[in-house]
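Trainee: I've just opened this one and would like to zoom in on a single part rather than tour the whole thing. Could you walk me through it?

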Amino acid sequence: MLTALVGLAGALIYGSADFLGGLAAKRLSSVLVTAIAASSGLVVLLGALPFVGGVWSPDAVLWGALSGVTGAIAISLLYACLAIGPMSILSPLTAVVSAVVPMTAGLVGGERLAPVGYAALGLALVAVVLVGFVPEKGAVRPTTLGLLMAIGSGIMIGAFLILIDLTPDDSGLVPLVLNRAVNAAIMFSIVGVLAIVAARRRRVLAGVGATGGDASGMSSSVGSSAGRVGSDAASGFEATDAVARATDPAAFPEHTGRRTRSTLTIGLTLAAVCGVIDVAANLLLLIGIRIGDLSVISVLTAMYPAGTILLAAVVLKERIAPVQWVGLGLALAAAAMLALA
């Protein structure tokens with residue numbers, strides 16, 4: 001009973017963190033938002049560590065650090081596959097894989113449930129698909145690359161859950177501290193690399209523009225070639241614009257002034273709060289794994305889109321699709337069945 005409640009509550013809180021992260025990503029680079037969220041979460045964990053405690057054993061440090069690596073890979077692949085789309089297929093695919101991988105590991109590792117528990121796991125997987133389904137008009141068939149990225153992201157999320165489950169019971173918050181520290185280091189490194197690439201992009205485009213102006217009297221074929229160079233450079237660095245805008249607003253006239261400062265402030269605040277809420281979800285996940293079965297917690301945690309769509313409906317007045325309402329109902333039914341298992 002308690003495991004089911006903790007797992008479902010953790011999923012809703014994870015979804016709430018994703019909702020705030022999504023709002024922040026409208027103002028900042030999604031990679032930068034992730035890095036800031038990891039840092040704010042780390043601050044909270046370091047503040048709580050002296051009170052909660054935990055043994056800094058080799059296993060706690062190793063598995064916690066590796067979980068940070070898998071988390072960074074999972075987030076990167078998730079953003080990449082959702083950018084390719086269609087979200088209506090790739091989002092629930094990621095959630096299902098993230099549930100199946102640790103669920104399988106738990107059952108293979110010897111976890112046993114009552115018959116109603118196995119039925120509940122199957123029902124919960126159906127709920128994960130329906131809750132995570134994002135209706136899109138004219139959605140196209142996903143590419144092989146998009147499918148592979150979604151599956152890879154789900155596997156990495158599942159690996160995170162497995163690694164946290166491997167940490168010693170006396171480790172307390174130590175694994176989560178290592179997770180956040182490694183995750184923040186990786187994501188800020190990516191932000192730095194993208195910022196450098198963005199700066200080089202601006203220099204390349206500036207050079208192409210200067211060349212075009214000096215050679216105005218040359219043949220049209222040369223001008224056309226320079227145009228192609230500029231176009232190729234722009235398309236090659238298109239993905240770095242968001243980071244450049246967040247790290248160097250002065251380079252873009254439309255992002256200067258009071259409005260930019262306000263946008264950045266709101267984005268940074270949302271990202272920081274996202275990290276704090278995400279830590280709360282991680283704590284519930286850790287508690288759930290300690291008191292219950294990995295197979296149960298992993299499936300319940302995969303229902304995190306429920307928190308996102310409910311907040312979007314309340315705050316942004318977004319409509320919840322009928323299929324998602326069905327998924328929410330099945331999620332509650334599955335949680336009740338797991339409580340009895």
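Trainee: Among contacts between residues at least 6 apart in sequence, what percentage joins residues at least 24 apart? After that, please take a close look at the salt bridges.

Mentor: Quick housekeeping before the numbers. This is a predicted model, where local features need pLDDT of at least 70 and side-chain atom pairs count only at pLDDT 80 or more, while totals for chains, interfaces and linings use all residues. Residues are numbered from 1 along each chain as its sequence is written, and side-chain values use heavy atoms, with hydrogens and water left out.

On to your percentage: 89% of those contacts (heavy atoms within 4.5 Å) join residues at least 24 apart in sequence. Of its 341 residues, 44% are buried, where buried means under 20% relative accessible area, exposed over 50% and partly exposed in between, with a 1.4 Å probe and protein chains only. The accessible surface, by the Shrake-Rupley method with a 1.4 Å probe, comes to about 15900 Å², and carbon and sulfur atoms own 70% of that.

Now the close-up. There are two salt bridges in the structure, each being a side-chain nitrogen of Lys or Arg within 4 Å of a carboxyl oxygen of Asp or Glu. Side chains of opposite charge can pair when their charged atoms come close.

Take Arg 180 and Asp 278: their closest N and O atoms sit 2.2 Å apart. Arg 180 lies in helix α7 and Asp 278 in helix α10, so this bridge ties together parts 98 residues apart in sequence. Both Arg 180 and Asp 278 are buried.

The other bridge pairs Asp 169 with Arg 290, at 3.9 Å from N to O. Asp 169 belongs to the loop between α6 (144-166) and α7 (174-214), whereas Arg 290 is in helix α10 (residues 258-291), which puts the partners 121 residues apart. Here Asp 169 is exposed at 66% relative accessible area, and Arg 290 is partly exposed at 26%.

While you're looking at helix α10, find Ile 287, which also has its place there. Ile 287 is partly exposed, at 44% relative accessible area. From Ile 287 to Ile 297 you go 10 residues along the sequence and 9.8 Å through space, C-alpha to C-alpha.

Methods:
Helices (H or I, at least four residues) and strands (E, at least two) are DSSP runs, numbered from the N terminus.
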